[in-house]
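Hi,

Here is the structure I promised to pass on to you. Have a look at it first, and my notes on what turned up follow below.

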Amino acid sequence: MDKVIPQSLRSPVAKTLCITSVLDFWIPASVDLIEPGKRVDFRAESHVSYDVQALLQQSEIPYEVMIDDLQDALEKQRDSNIRAAHSYEKYNDFDTISAWSANIAAQNPGLVSRTQIGSSYEGRPLYLLKVGKSGTNKKAVFIDCGFHAREWISPAFCQWFVKEAVNSYGSDSQFTNLLNNLDFYILPIVNVDGYVYTWTNNRMWRKTRSANKNSSCIGTDPNRNFDAGWCTVGASSRVCDDTYCGSAPESEKETKALANFIRANRSSIKGYLTIHSYSQMLLFPYSYTYNKATDHTELNNVAKAAVSSLTSLYGTKYTYGPGGTTIYLAAGGSDDWAYDVGVKYSFTFELRDTGRYGFALPESQIKPTCEETMLAVKHIANHIMNNA
Ligand code: ARG
Ligand code: ZN
């Protein structure tokens, strides 16, 4: 399987390619989001791989094969196929993460507690961890992972964050200070059904797993399903597409549960961080319009400093800016929705890498990715603690 990267792409050609060979778009997530002059990553089935390359050559579109054999890359992504105990440096399955969340709460009473904020379409629990020392009138930061099922590094980060909090409390003065003054709500996997599906059926699944009326195509893109310019731009109204916006805002049980929780805690929640991959970007509103957010200057400054802290550890380069101009216009995202309901410090992270492995990021990169991301998250949290 190949991932082909034209540096410039004439969209009629891209559309032809999409129709003739049903490509799986990685970056951007759908053919409609392709913009002239921007790079495109996609996966092609091996039986069309040579035809796709011939078409690109005929069209004089420069390209590069990033992953020659995706099956092989995925087999190497995990160090071993044996279902092991929980590990922060491995990709853990849904059951392992659920058991981990119960254990870490049980082992750290007074610092971590677990609640259930809802259930998924297929009936799985949506567990939420609250991390922080108890206090009165605390401000809170909400962090979610696992919106898109195939972005496995994302849930790994949420687990890492909780581990760091637990290990740092009482020993690291900066993190201790954060935990004394802020509560962190951590939702380790939003799209639990999709995540399970990537472990059992299709590693490249993105959407939820809900049924659609009058169609055999399954699922909605949870990050197109929020009430923020819903389904106006950069989202699809075709049920079979990977960026399908759903039948209505919050049509998905998972997005509804998340939105209900934030609405119910709107007065305390000052920050909203949603963790995706890949592209190495730190984005803030807006993505449903090119208009600048009211707090654009402050958010830009926070993003700039957060990114510079992240880069200082291993030199990983990030870009940052409003979603619309930095990646693409795409309405219905949770970051824009949270911002518009009053959560001023609203950011989307796109973690490693920039396409060498893409969604098949090897387990050996979990630790460095999480370590550097912690620096950016702590910077944002500090800013919230001091300014919100
Ligand atoms: N890659 C993410 C997505 O397509 C980017 C999200 C940026 N925010 C947004 N509201 N579109 O969902
Ligand atoms: Zn994503």
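Let me start with aspartate 32, which counts as buried because it has 20 C-beta neighbours inside 10 Å, and 20 is the number at which a residue is called buried. Please keep in mind throughout that this is a predicted model. Aspartate 32 sits in the loop between S2 and S3.

**Domains**

Where the two meet, 16 residues of domain 1 are in contact with 15 residues of domain 2. On the domain 1 side, the elements that give two or more residues are strand S2 (24–27) and strand S3 (41–44). S2 gives the most, with 4 residues. By residue type, that side of domain 1 divides into 9 nonpolar, 1 polar and 6 charged.

UniProt, in an unreviewed entry, places the feature "domain: Peptidase M14" at residues 90–384. Over residues 90–384 the chain is 37% helix and 18% strand, and the C-alpha atoms at the ends are 31 Å apart.

Glutamate 350 belongs to strand S11 (residues 345–351) and counts as buried, because 22 C-beta neighbours fall inside 10 Å. The strand as a whole is mostly covered, with 7 of its 7 residues buried. Tyr345, Phe347, Phe349 and Leu351 point one way from S11, while Ser346, Thr348 and Glu350 point the other way.

Which strands pair with S11? Strand S8 (residues 269–277) runs parallel to S11 and is joined to it by 7 bridges. Strand S9 (residues 281–284) pairs with S11 in the antiparallel sense over 3 bridges. Glutamate 350 takes part in both pairings: it is the bridge partner of histidine 276 and also of methionine 281. Leaving out residues up to four places away in sequence, glutamate 350 touches His276, Ser277, Tyr278, Ser279, Gln280 and Met281.

**Ligand 1**

There are 13 residues around ligand 1, of which Asn223, Ser287, Gly323, Ala330 and Gly333 come nearest. The elements that give two or more residues to this shell are helix H11 (334–340) and S11. The shell divides into 4 nonpolar, 6 polar and 3 charged residues.

**Backbone points to check**

Most residues other than glycine have a negative phi, and most peptide bonds are trans.

- The peptide bond from serine 277 to tyrosine 278 is cis, with omega near -5 degrees; tyrosine 278 is in the loop between S8 and S9.
- The peptide bond from proline 285 to tyrosine 286 is cis, with omega near 5 degrees; tyrosine 286 is in the loop between S9 and H9.
- Glutamine 280 has a positive phi of about 60 degrees although it is not a glycine. Glutamine 280 is found in the loop between S8 and S9 and is buried, with 22 C-beta neighbours inside 10 Å.
- Glutamate 250 also has a positive phi of about 60 degrees. Glutamate 250 lies in the loop between H7 and helix H8 (253–264) and is buried, with 20 other C-beta atoms within 10 Å.

Why is helix H7 (residues 192–200) described as largely enclosed by the rest of the structure? The reason is that 7 of its 9 residues are buried, namely Val192, Asp193, Gly194, Tyr195, Val196, Tyr197 and Thr198. What covers them includes helix H4 (94–107), strand S5 (125–131) and helix H5 (153–168).

Alanine 293, in the loop between S9 and helix H9 (296–314), is partly exposed, with 19 other C-beta atoms within 10 Å. Leaving out residues up to four places away in sequence, alanine 293 touches Phe284, Pro285, Tyr286, Leu299, Pro322 and Tyr339. The C-alpha atoms of alanine 293 and aspartate 336, 43 residues apart along the chain, are separated by 9.5 Å.

Best wishes

Terms used:
Residues numbered from 1 in each chain as written. Chains lettered and ligands numbered in written order. Predicted model: local features only at pLDDT ≥ 70, side-chain atom pairs only at ≥ 80, totals over all residues. Buried ≥ 20, exposed ≤ 12 C-beta atoms within 10 Å, placed from the backbone. Contact = placed C-beta atoms within 7 Å. Pairing = 2+ DSSP bridges. Near = placed C-beta within 6 Å. Nonpolar A, V, L, I, M, F, W, Y, C, P; charged D, E, K, R; others polar. UniProt positions renumbered as here; feature names shortened; annotations may be inferred.
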